[in-house]
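Q: Could you walk me through this structure? I have not looked at it before.

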Amino acid sequence: MDYEKAFDSVEHKDFLNALEKHQIPTVYIETLASMYRNGTAQVKVDNNMSKPFDIRREVRQSDTLSPNMFNSGLEQVFRRLNWQDKGINKNGEKLSNLRFADDVALLSRSLNELQDMINEFQEESEKIGLKANMEKTKIILNSHATKGSIKMRGEELQIVDEVVYLGQQITMKSSRSGEIQRRISAGWIAFAKYRKILKSNIPICLKRKIYHGCIEPVITYGSQVWALNKRLVSKLRTTQRSMERAIIGVTKRDHLTNKKVRELSGTNDIISTIKKLKWSWAGHIARMKDNRWTQRTMEWIPIGQKRERARPMTRWDDEIITQVTHGSNLDPKSTRHEVVENSW
């Protein structure tokens with residue numbers, strides 16, 4: 001779900017009422033109310049200034065409090081929704097939505113249930129001035145879903161195979177090749193911005209800092225949740241080698257080995273960087289003690305579900321489980337669940 005101009009649409013009175021229901025001290029609410037009370041604006045067109053008009057909605061731009069105030073209003077929307085029995089069943093509990101500020105994902109086991117959820121969500125959202133963006137709201141189905149259509153405000157929503165959510169490509173397919181190719185393309189775009197610097201005569205040590213600080217993070221964004229196979233590893237390393245050659249000013253015609261190119265560039269292996277990020281994320285999940293959905297979802301093993309026949313796809317925790325099994329005294333015949341628990 002995507003809102004139209006979310007931070008510009010929410011009513012002042014609604015998020016102030018939401019803060020009160022969240023038991024925020026009255027003195028803070030009154031302070032915020034005074035900041036937004038009697039606000040006016042004018043529009044200037046061709047040196048002609050309009051008459052002042054009242055501002056009754058939107059939160060202030062670039063204000064660190066604005067996301068929190070918006071979230072308080074959106075939280076009230078979800079508290080009014082009776083969705084305890086809707087969503088995906090994970091170990092007896094239902095997960096019906098994921099939220100990050102105004103980016104909302106609704107989860108359901110059937111199209112009929114999803115249609116009801118969208119109708120209820122849209123109705124409650126409009127009460128605080130929020131309206132869904134029809135063009136950016138998409139439906140994505142897995143292979144078990146029945147064919148059908150979902151409508152919102154009388155218009156049919158588009159069903160797609162993949163969608164970008166919080167900067168990452170989300171798909172119901174097992175392969176992450178599409179997302180990794182997006183990150184590689186984004187990395188080359190970032191590289192192009194600094195091409196003149198990276199191909200200049202400045203010291204390699206400075207070029208290396210630009211690569212690690214401005215280009216590598218673009219390629220590895222979201223890599224904590226990647227499940228890499230040999231083909232994807234090769235694609236990422238090939239991309240890095242091409243960038244390294246451009247940085248040190250050589251081409252394939254110079255017939256330098258990959259080892260020599262790495263010695264000259266001094267950059268870190270991108271796969272090692274991705275593994276460090278992945279293990280850091282795994283450790284962060286393992287240390288969670290507040291029963292968050294993040295941990296429960298990562299540890300969730302569906303009961304009664306089997307993987308399809310044929311060669312299985314690489315899973316996110318295969319690498320972790322392999323290293324834990326080799327480095328521990330676990331019985332090689334231990335169940336996957338036992339190994340997962342031991343790794344945490």
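**Overview of the chain**

A: Of the 344 residues of the chain, 35% count as buried. Please keep in mind that this is a predicted model.

Q: How many helices and strands does the chain have?
A: The chain contains 14 helices and 14 strands.

Q: And what does the C-alpha trace span along its principal axes?
A: The C-alpha trace spans about 70 × 65 × 45 Å along those axes.

Q: Among contacts between residues at least 6 apart in sequence, what percentage join residues at least 24 apart?
A: The figure is 60% for this chain.

Q: Let us turn to α9. How many residues has it, and how far does it reach?
A: Helix α9 has 19 residues, and the distance from its first C-alpha to its last is 27 Å. That is close to the 27 Å expected at 1.5 Å a residue.

Q: Which residues of α9 are buried?
A: The buried residues of α9 are Leu232, Val233, Leu236, Thr239, Gln240, Met243, Glu244, Arg245, Ala246, Ile247 and Ile248.

Q: What do they pack against?
A: The buried residues of α9 pack against α6, α7 (195-198), α8 (204-219), α10 (258-265) and α11.

Q: Take α6 and α9, then. At what angle do they pack?
A: Helix α6 (residues 177-193) and helix α9 (residues 230-248) pack at about 5°, and their axes are 11 Å apart. Angles under 35 degrees count as roughly parallel, so α6 and α9 are roughly parallel to each other. On the α6 side, the contact is made by Ser177, Ile180, Gln181, Ile184, Gly187, Trp188 and Phe191. On the α9 side, the contributors are Arg231, Leu232, Lys235, Leu236, Thr239, Ser242, Met243, Ala246 and Ile247.

Q: How does that contact divide by class?
A: The contact of α6 with α9 has nine nonpolar, five polar and two charged residues.

Q: What about α9 and α11: how are they arranged?
A: The axes of α9 and helix α11 (residues 270-286) come within 9 Å and cross at roughly 125°. The two helices, α9 and α11, are therefore oblique to each other. Their contact involves Val233, Leu236, Arg237 and Gln240 of α9, together with Ile270, Ile271 and Ile274 of α11. By class, the residues of this contact divide into five nonpolar, one polar and one charged.

Q: Which residue follows α9?
A: Gly249 follows α9, and its phi is positive, near 80°.

Q: Changing topic: how far apart are the end C-alpha atoms of α4?
A: They are 20 Å apart, which agrees with the 20 Å that the 14 residues of helix α4 (residues 66-79) should span at 1.5 Å a residue.

Q: Which residues of α4 are buried, and what covers them?
A: The buried residues are Ser66, Met69, Phe70, Ser72, Gly73, Leu74, Gln76, Val77 and Phe78. What covers them includes α1 (6-9), α2 (12-21), α3, β7 (97-100), β8 (103-106) and α5 (111-126).

Q: Last one: where does Ser34 lie?
A: Ser34 lies in helix α3 (residues 26-36). With 41% relative accessibility, Ser34 counts as partly exposed. A polar atom of the Ser34 side chain lies 2.6 Å from the backbone oxygen of Thr31. Ser34 and Gln169 are 135 residues apart along the chain, and their C-alpha atoms are separated by 41 Å.

How values were computed. Residues are numbered from 1 along each chain as its sequence is written. Side-chain values use heavy atoms; hydrogens and water are left out. Axes are lines fitted to C-alpha atoms, for helices over the stretch in contact, and angles run from 0 to 180 degrees between N-to-C directions. Helices (H or I, at least four residues) and strands (E, at least two) are DSSP runs, numbered from the N terminus. Angles under 35 degrees count as roughly parallel, over 145 as roughly antiparallel, 65 to 115 as roughly perpendicular and the rest as oblique. Contact means heavy atoms within 4.5 Å. Ala, Val, Leu, Ile, Met, Phe, Trp, Tyr, Cys and Pro count as nonpolar, Asp, Glu, Lys and Arg as charged, and the others, Gly among them, as polar. Buried means under 20% relative accessible area, exposed over 50%, partly exposed in between (1.4 Å probe, protein chains only). A polar contact is a pair of N or O atoms within 3.5 Å; within protein, one must be able to donate a hydrogen and the other to accept it, and residues adjacent in sequence count only if both atoms are side-chain atoms. The expected span of a helix is 1.5 Å times one less than its number of residues.
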